[in-house]
Amino acid sequence: VRGGRAWLGVLGAALLFWPLLVPGYFVFLLSLTLANAVVAIGLNLLSGYTNQLSFGHAGFLAIGAYTAALLTIHAPGLPVIVTLLLAGMATGAIGVGLGIPCLRLEGLYLTMATLAFGFVVTEVIMNLDSITRGADGLRVPAPRLGGLFLASDISRYYLVVTVAAVLVAAAVNLMRTRTGRAFLAIRESEIAAQSAGIPVASYKTIAFGLSAFYTGVAGGLFAFTVGYLSPDAFDVFLSVDFVIMIILGGLGSVPGSIVGAAVVTVLHDWLAAFQNFRPLIFGTILIACMLFMPGGIARALQPVFRRR
Amino acid sequence: VISAAALVHVVVSGLATGSIYALMALALVIIYNATRTLNFAQGEMLMMSTFIGWAAYRAFALPLVLTIVVAVLAGAALAVIVERVIIRRSIAAAHWDVLIITLGLSLILRSVAGLIWTHEDFPFPSYFGERPIALGPVRLAPVSLGIIGGSLLLMAALYGLFGFTRMGRAMRAVAQNQRAARLMGISVERVYSLSWILAAMVGAVAGVLVAPVTFLSTKMGLIVINGFTAAVIGGFGSMPGAVLGGMLLGVIENLAPLYLPSGIRYSVPFLILVGILLIRPAGLLGRVERRKV
């Protein structure tokens, strides 16, 4: 554990000094990676722990992003932390609203319902054009923290790092709470958990809400990082990217979610010039993971860390 | 107010769209019944086989009948490859493992098709004339009638196959109880492969039928979502349900724009999907499956 703490220190320092060490573009890329990592953790809370695979998380991300953007436009005085919290809570509430009816669904039915949810969200954004400006897209103004305008990429980077660090720490610690233990029990066996007296339905709904909350906050971070929102950015392929992150990183693993998000985000960036090959590569990654590396990078690396 | 003649026209074109959804739903249900998994790549396999048929048509100036044959054979070959190389390795996997594998497969197929033929729309030759057929005041598009007729023929063939042949009986036995089927000497693995092949062939026919209307493009694969919705409406796993669900979905989708604001037109199938799942998850003709612990 002492070794772990040292590594954490190194990582923290690296994150702190990152903007001084690399060109601006990589600052942006790391911000995006961290926002995606928060989504991946959120998706993993749902899929990795309570076995509810979602193909609709781009929808949650869109709700969070648009909520944060519209709040910043219409209530510019609001501190950015409050804006992000509100975005998370609004998305979380919608997550609970979707989660309750989804309790009746299992396996692929649930997955297809979330897929449908994602489509409906982008459609709604497209059609509420008096508020969201529809297909024209929405420019996101710089957020404010007290008297401070977070106008530069670097200031927004520190915002993202701070928020992401808090959410990662919360996710890791969640597993030591009653709720987290219930999630772990449900992951191992829903039936066993139920017969041990864990109210599975309530915890599945909580998982939906929490997952949506994480994704909503990430949506806010995404909005401020990218600075421009349009509904077609939140299509089903983005939802698929999130699924790839957690399958590659490892279901039910917080570090795995972060690694998966990093690999997918960076690969996306590298392959920007080879648009047509991108789905080919990501599809191959998915199949290879399922066939040769179930449990993802997290489980593949487990023996390495255990030896220490 | 919409005239009765116009309404009939809309319903008939709805039935044509619905026939395609029904075939797609049947393809999904055939694989689901045998292997209890959803083939998310069914739409992309349809797209791929239609493209191959079209490429052969262009390269060798094939007559249209042969184009269909090529597409169906291409679908079957694709299914054999996919089933042997990828799916069979994951037979013992958990319930959504195969879903994710086929999701990966759909990304790959779409990408490969895009690399070979680009992501543009191509016109597909039609077997039917352009001139509408007039029945009194009602005007019907020949292509709609052709799609409905072709689909009904294929459905009748499937009915015969499942009802009256050894192979069909074996497939139904595996759908009912795998272990009992194995004990009766049915090769379950063979049924798995056959289901993949049959589903791909049904999909290929659907692709060739619909391509003249929607154009040929790599986006065609998205039809899998409508097919899934259709199958859910009818009750996932029920073949008559798949047909009924497809027809209903097609008609509703074509009628909706007449009565609903244009904004939610494209959401209709999804709203229906969510509605059905919530109100009657077993669908119209489906039975609730109970699992013993």
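**Aromatic pairs and a helix in a predicted model**

Biologist: Are B:Trp54 and B:Phe122 buried or exposed?
Modeller: Both B:Trp54 and B:Phe122 are buried; buried means under 20% relative accessible area, exposed over 50%, partly exposed in between (1.4 Å probe, protein chains only). This is a predicted model, where local features need pLDDT of at least 70 and side-chain atom pairs count only at pLDDT 80 or more, while totals for chains, interfaces and linings use all residues. Residues are numbered from 1 along each chain, chains are lettered from A, and side-chain values use heavy atoms, without hydrogens and water.

Biologist: What makes A:Phe60 count as buried?
Modeller: Its relative accessibility is 1%, so A:Phe60 counts as buried. A:Phe117, at 13%, counts as buried too.

Biologist: How many aromatic pairs are there over all chains?
Modeller: The search of the whole structure finds 18. Rings of Phe, Tyr and Trp (its six-membered ring) pair if their centres lie within 6.5 Å; planes under 30 degrees apart count as stacked, over 60 as edge-to-face and the rest as tilted.

Biologist: Why is the pair of A:Phe60 and A:Phe117 called tilted?
Modeller: The ring centres are 4.9 Å apart and the planes stand at 45°, so the pair is tilted.

Biologist: What does this pair tie together?
Modeller: A:Phe60 lies in helix α3 (residues 57-74) of chain A and A:Phe117 in helix α5 (residues 107-127) of chain A, so the pair ties together parts 57 residues apart in sequence. Helices (H or I, at least four residues) and strands (E, at least two) are DSSP runs, numbered from the N terminus.
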